[in-house]
Amino acid sequence: MIVGTAGHIDHGKTSLVRALTGTDADRLKEEKARGITIDLGFAYMPGPPGSVIGFVDVPGHERLVHNMLAGASGVDFALVVVAADDGVMPQTREHLAILDLLGIRRGLVALTKIDAVAPARVGAARAEIAVALEGTALAGAEILSVSSVSGAGIPELRARLEAAAAEADADPADTPFRLAVDRSFTLQGTGTVVTGTVVTGSVAPGDQLLVSPRGLPVRVRGLHAQNRVAGTGGRGERCALNLAGEGVSREAIARGDVVLAPELHAPTDRIDAELRVLASETRPVTQWLPVHLHHGTAEITARVVLLADRPIAPGARGFVQLVLDRPIAGASGDRYVIRDTSARRTLGGGALLDLRPPSRRRRAPERIAQLEAHALADPAAALVALLDRAPFFLDPVAFARDRGLSAARLAELTAGLVRLDARGGPVAMSRPTAERLERALLATLDAFHRDNPDLMGIGVARLRGGLEPRLPAPAFAALLAGMARAGQVALDGAWARLPGHAVRLAPVDEELWAAIAPHLGGAERFRPPRVRDIAGLLDEPEAEVRRLCKLAARLGRVHEISHDHFFLRDVTGEMVAIAAELDAEHGLFSAAQLRDRLDNGRKVAILILEFFDRHGVTLRRGDLRRVNPRRLELFPRDADGAAPSGGESSPVGRPDFKSGWGRETVPGGFDSHSLPPLARGSA
Ligand SMILES: Nc1nc2c(ncn2[C@@H]2O[C@H](COP(=O)(O)OP(=O)(O)OP(=O)(O)O)[C@@H](O)[C@H]2O)c(=O)[nH]1
Ligand SMILES: [Mg+2]
């Protein structure tokens with residue numbers, strides 16, 4: 001257990017720690033000279049059998065509250081010191097407020113210097129203290145009268161602390177390790193040592209850890225726990241870690257850093273939090289208020305973004321977004337305190353809730369609902385609540401990391417969930433949500449096929465956009481892949497359909513196509529006639545020929561290389577192969593070189609190359625091009641045996657050149673555009 005002192009300057013905190021432990025926690029020369037505590041001091045006394053109670057002694061000076069905060073952050077038990085002669089003073093109240101904001105519920109008050117006052121004064125001071133405690137987490141705490149000079153009450157106080165240490169709560173096993181650094185120094189013959197309070201988990205020599213937020217990898221060479229050489233250190237203990245690693249030095253690690261298990265390292269500079277403004281404040285917390293944020297042993301300048309319409313009045317609470325000037329290593333549920341920028345006043349504080357909030361639409365009702373779920377302390381309850389509201393899914397690994405949960409605990413929490421593993425992070429949903437999504441997906445495909453019997457399928461991007469919940473693209477792709485494996489859907493590049501769906505031309509259309517197709521093949525295949533020319537050759541209305549060619553494109557029989565200019569699918573494959581040959585022969589090649597091979601005129605050759613550019617098959621360098629080998633498979637030749645035949649639609653070649661659809665290439669995948677509406681009959 002770690003006991004932290006609190007209280008007004010000169011009220012006898014350091015003297016009391018010395019009376020209890022025999023150690024003078026004022027270790028700095030300046031402290032001794034001025035008789036006040038400036039920085040944190042540390043001392044130890046035996047606790048219940050086999051254990052040690054640690055003390056963090058803090059300064060009471062009003063200008064040193066930031067040091068008090070660094071010390072108080074790791075405390076299990078508060079020892080509030082009030083001098084009987086002075087009674088409750090400003091920093092008594094401020095420290096009590098800070099302990100309350102930090103959620104330190106266990107503690108007692110030592111009414112000290114009773115040797116120096118009349119008995120009547122002791123009674124009055126006790127009454128004053130009881131009132132000051134009201135409304136704080138320490139309300140009703142025991143008040144022990146002591147004197148560090150006469151030793152009165154010290155044995156009783158020691159006994160109380162031992163009893164409290166005996167009932168200190170243990171950390172759940174295998175929780176990942178976090179230690180908030182409060183000191184870093186070099187020991188002759190040992191190297192770099194950092195000290196701090198173990199926030200969660202445990203540490204042992206040989207552990208590989210990271211110093212966050214910097215991300216410096218370190219190895220634990222040895223350690224002290226509660227001032228003794230130890231094989232392991234855990235929650236409720238002050239530890240001194242002897243660290244090794246490249247770049248490890250006294251200067252590289254400082255107060256405010258967190259030494260943690262590598263999987264927890266994910267610093268953040270934007271955090272949604274609950275903020276309670278102290279009732280003693282005279283002004284509300286307003287939009288974009290600059291503050292000093294205290295978290296763990298760290299102190300960062302930050303701004304407060306209100307997530308509601310009105311400023312947060314003294315005594316009130318509300319959701320805020322904390323925008324930090326530099327990142328911190330936090331966890332959801334961690335307590336924080338904000339002070340004004342001149343570091344004179346404590347304004348309020350609360351708990352960190354969401355470590356990865358959006359910067360836009362951060363005040364939307366769905367966001368507020370999410371924050372209410374994040375505010376649930378129990379991770380299981382929070383997870384259920386989060387998955388039960390928009391957006392109905394989350395990254396379970398990030399959730400566990402931000403809550404500091406172990407892998408085993410995560411596995412336990414997510415056992416009943418549906419998990420999709422995808423590039424960009426896994427996604428988890430509740431089973432009912434996943435079932436609802438799959439049902440909606442199948443219904444959408446069904447309706448689409450009914451409305452568009454002549455279309456092969458729907459673009460995956462469009463399908464995703466129309467569904468609730470709207471998964472991130474990689475997770476949606478994983479969902480579709482799973483459904484495809486289960487035979488529920490069929491996938492064709494960036495297009496999805498029901499497995500039973502097939503596009504067929506009406507018999508009259510099939511007849512017209514049979515008349516058109518021969519004109520696109522043969523010797524003229526690299527410069528086939530355009531729609532208008534075919535219409536003239538066949539004496540058919542131009543619009544009819546265009547409609548048929550577009551239908552054939554959707555069926556994957558032709559590619560519309562440029563507006564109204566259709567090439568047979570296999571011819572496209574042949575031209576790609578020729579481009580690949582040119583590439584192999586010359587490296588970069590020109591449009592003229594392709595024209596010479598295709599014997600089809602410069603203009604057509606350029607249109608073909610532009611089509612290839614759009615699909616990423618060729619990469620342009622000025623007037624020259626080279627082939628992107630990874631894109632060759634987009635246009636296989638039927639002869640290669642790779643191309644699906646028999647009316648399977650190709651995912652490419654469908655863009656409507658004129659409208660601009662599908663003109664952009666999408667790195668790493670097919671054009672993820674859905675089809676333009678087909679103006680049937682009127683095209
Ligand atoms: N008579 C009397 N004097 C005390 C007692 N405890 C502390 N003092 C005196 O009060 C003065 C301040 O004591 P400290 O222990 O340094 O006070 P502190 O709360 O640690 O002060 P800061 O750390 O600067 O906030 C010293 O001169 C002590 O000798 C006590 O029980 N009785
Ligand atoms: Mg002191």
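Predicted model: local features only at pLDDT ≥ 70, side-chain atom pairs only at ≥ 80, totals over all residues.

Select ligand 1 together with Ser148: an oxygen atom of the ligand lies 2.9 Å from a polar backbone atom of Ser148. Taken alone, ligand 1 exposes 640 Å², and 79% of that is buried by the protein.

A polar backbone atom of Gly12 is found 2.9 Å from an oxygen atom of ligand 1. With Ser15 the side chain takes part: one of its N or O atoms is 2.6 Å from an oxygen atom of the ligand.

Now widen the view to the whole shell. How many residues surround ligand 1? There are 20, and the closest are Lys13, Thr14, Ser15, Thr37 and Asp115.

Keep Thr14 and Thr37 selected, and show ligand 2, a magnesium ion. Which atoms of the protein are donors to this ion? They are OG1 of Thr14 and OG1 of Thr37, lying 1.9 Å from the magnesium ion. These two residues link distant parts of the chain, being 23 residues apart. Thr14 belongs to helix H1 (residues 13-21), whereas Thr37 is in the loop between helix H2 (29-34) and strand E2 (41-46). Are Thr14 and Thr37 buried or exposed? Both are buried.

Move on to Thr200, in strand E8 (residues 191-200). Thr200 has a relative accessible area of 17%, and buried means under 20%, so this residue counts as buried. Display its side chain and select Pro176 as well: the side chain of Thr200 reaches the backbone oxygen of Pro176 at 3.0 Å.

The last stop is a sheet. Strands of a sheet pair through backbone hydrogen bonds, in either a parallel or an antiparallel sense. Select strands E24, E26 and E25, which form, in that order, an open sheet of three strands with antiparallel pairing. Strand E24 (458-459) and strand E25 (490-492) stand at the edges; each has a single partner strand, so one side of each is left without a neighbour in the sheet. To examine one pairing in detail, select E25 and strand E26 (residues 495-497), which pair in the antiparallel sense over three bridges. Finally, pick out Leu491, which stands opposite Ala496 in E26.

Note on methods: Residues numbered from 1 in each chain as written. Chains lettered and ligands numbered in written order. Heavy atoms only, no water. Donors = N, O, S within 2.8 Å, 3.2 Å for Na, K, Ca; no water. Helix = DSSP H or I, 4+ residues; strand = E, 2+ residues; numbered from the N terminus. Buried < 20%, exposed > 50% of the residue type's maximum accessible area, 1.4 Å probe, protein only. Near = heavy atom within 4 Å. Polar contact = N/O pair within 3.5 Å; in protein donor to acceptor, adjacent residues only side chain to side chain. Areas by Shrake-Rupley, 256 points an atom, 1.4 Å probe, with all protein chains shown as cover. Pairing = 2+ DSSP bridges.
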